Amino acid sequence: MKVDAITTEPPKWGVKYEDIDVDENLPIKLKPVYTGICGTDRGIVSGSLPFAYAPHGRQKLILGHECLAKVIEAEDNDLGIKTGDYVVPIVRRPGKCVNCLIGRSDNCSDGDKHEAGITGLNGFMRSEFQDYPQNLVKVEDPDIASIAVLTEPLKNVKKAFEMFDTVSKKSVFTDANGAYDEKRAIIIGTGSEAFLYGLASRDYGFQTYMTNRHPETESKLRMIERPNITFYDYTKDTSVEKNGFDLAVDTSGDPATIFRFIRKMNNNGIVILFGTNGRAPASTFDGSDIDYIIERNITILGSVDGSRIHYERALQDLTRWNYQYGDLISNMITSRVKPDNTDIFLHKQPGEIKTVIGWS
Ligand SMILES: [Zn+2]
C-alpha cells in the first residue's frame, strides 16, 4: 500500500514527508488521528541516536511512536476491537526472551525487541497503517479522544512508579501519618514527560517540585499551579532544597545535573533515571559521592518503556485528570501542526510542552 509518511534514513540526518510503499497485510486497518513528537524523534532526525534503524532490508524508517488512531476496518477479533474505535498502538513489539513472552517486553532481557518508529519497525506517522489487535489498547472514554495521544509518554511514568512502588518497600517510605504529604519529590526538567511525572507525583501526595537551569514561561508556571507543583530555577534559588528530597526523577539525561541532585537526596531516597541524552558532556564523581549514596541507602534505578498494563493505567489517569484538572491536560498540547510541517522536527517551538501532528 502507498501512504503519505514522515520518513528518515537512520543513522543519517534528515526528515521528509513523502509517498512511500509499505508492505503490510494485517487484520486491523487504522488511520492516525494525532501523533506526538518527542525528543526521541528529534534525536533520530538529527542523527544523534545511533540505536535507531530502519526495518530489515529497508533504508527508510517511518517515524512516530506516540499515537492515537481510529480503526477504519477490522477483522473479527477476541479483543473486541471494532471499526470506529479509538486506540493507542503499543510501541514495543516482543522478541523471544522470557520477559517478552510473558507480555513484559518493556523488561526485555536480551534486547531482541523492536520499537515502532525507532528500532526496525515502521512507526505511526503516516496516512494509514495496519496492525494486530493485540498491539492496540482501546480508548474507552470518548471524552479523552483529543488528549489520548499522551497515553504513550504517560505509560512510561506508570512503569517508573511501579518501579518506585517495588523499591520503596525496602524501608518505611511514607511519613509518620502513613501518607506522602511530608515527603518531597523533585522532577528535573520541564518538558512533557516532566509534567506527567509531576502530576503522577501529586497523585501520590508528594510535595512536588519541578526544576530547570533556566526560568520558565508564564504559561507553564500557570499550568502547574492547579496541581500545586512548585517550579524553581536551581541556578538561582535553592532555598527549597534545604530539606532535601525523597524521590527524584530525572528527565534531562545530563550526568552533572543528576549527580548534583543525588547529593540532595534524604536517607532511603529513590532516584529514577528516565531521560536520555547521548550527547550530554562527561562528568565526574568521586569517592565522596559514592559514600553519600551508600551511607544514605539511596537507590538509583533506570526505567524504560511500559507494557499493556501501563498503557491501560495511563488511559485511566487521563480520564481522571481530565475531570480533576479540566483543560490543564489538553493545554499540555501546545501546538497542533500538519504532517508536511517537518520543520518542527528540527526546531523546538517556544514554550513547547507537546507538539502533535493532526492527520485528519
Ligand atoms: Zn525480549
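**A tour from the zinc site to the domain contact**

Start at the zinc ion. Its protein donors are the SG atoms of C97, C100 and C108, which lie 2.2 to 2.4 Å from the metal. This is a predicted model, so read every value here as computed.

Stay with the donors and look along the chain. Their spacing in sequence is C-x2-C-x7-C. Now select C97 and C100 and show the surface. Buried or exposed, these two? Both C97 and C100 are buried.

Next, zoom out and colour by domain. Domain 1 takes in 2-151 + 329-358, and domain 2 covers 172-296. The centres of domain 1 and domain 2, taken over C-alpha atoms, are 29 Å apart.

Now select the contact between the domains. Domain 1 brings ten residues to the contact, and domain 2 brings nine. About 820 Å² is buried between domain 1 and domain 2. Carbon and sulfur atoms account for 71% of that area.

Which residues of domain 1 lose the most area to domain 2? Select S48, M332 and I353. Together they make up 52% of what the domain 1 side buries.

Keep the domain 1 side selected and colour by residue type. The residues touching domain 2 are four nonpolar, four polar and two charged.

Last, check the links across the contact. How many salt bridges join domain 1 and domain 2? The count is zero. For polar contacts between domain 1 and domain 2, the count is one residue pair, with both residues at pLDDT 80 or more.

Technical notes
Residues are numbered from 1 along each chain as its sequence is written. This is a predicted model: local features need pLDDT of at least 70, side-chain atom pairs count only at pLDDT 80 or more; totals for chains, interfaces and linings use all residues. Side-chain values use heavy atoms; hydrogens and water are left out. Domain bounds come from an automatic or database domain assignment. Contact means heavy atoms within 4.5 Å. Buried area is the accessible area (1.4 Å probe) that two parts lose on being put together, summed over both. A salt bridge is a side-chain nitrogen of Lys or Arg within 4 Å of a carboxyl oxygen of Asp or Glu. A polar contact is a pair of N or O atoms within 3.5 Å; within protein, one must be able to donate a hydrogen and the other to accept it, and residues adjacent in sequence count only if both atoms are side-chain atoms. Ala, Val, Leu, Ile, Met, Phe, Trp, Tyr, Cys and Pro count as nonpolar, Asp, Glu, Lys and Arg as charged, and the others, Gly among them, as polar. Donors are N, O and S atoms within 2.8 Å of the metal (3.2 Å for Na, K and Ca); water is not among the atoms, so sites may look incomplete. Buried means under 20% relative accessible area, exposed over 50%, partly exposed in between (1.4 Å probe, protein chains only).
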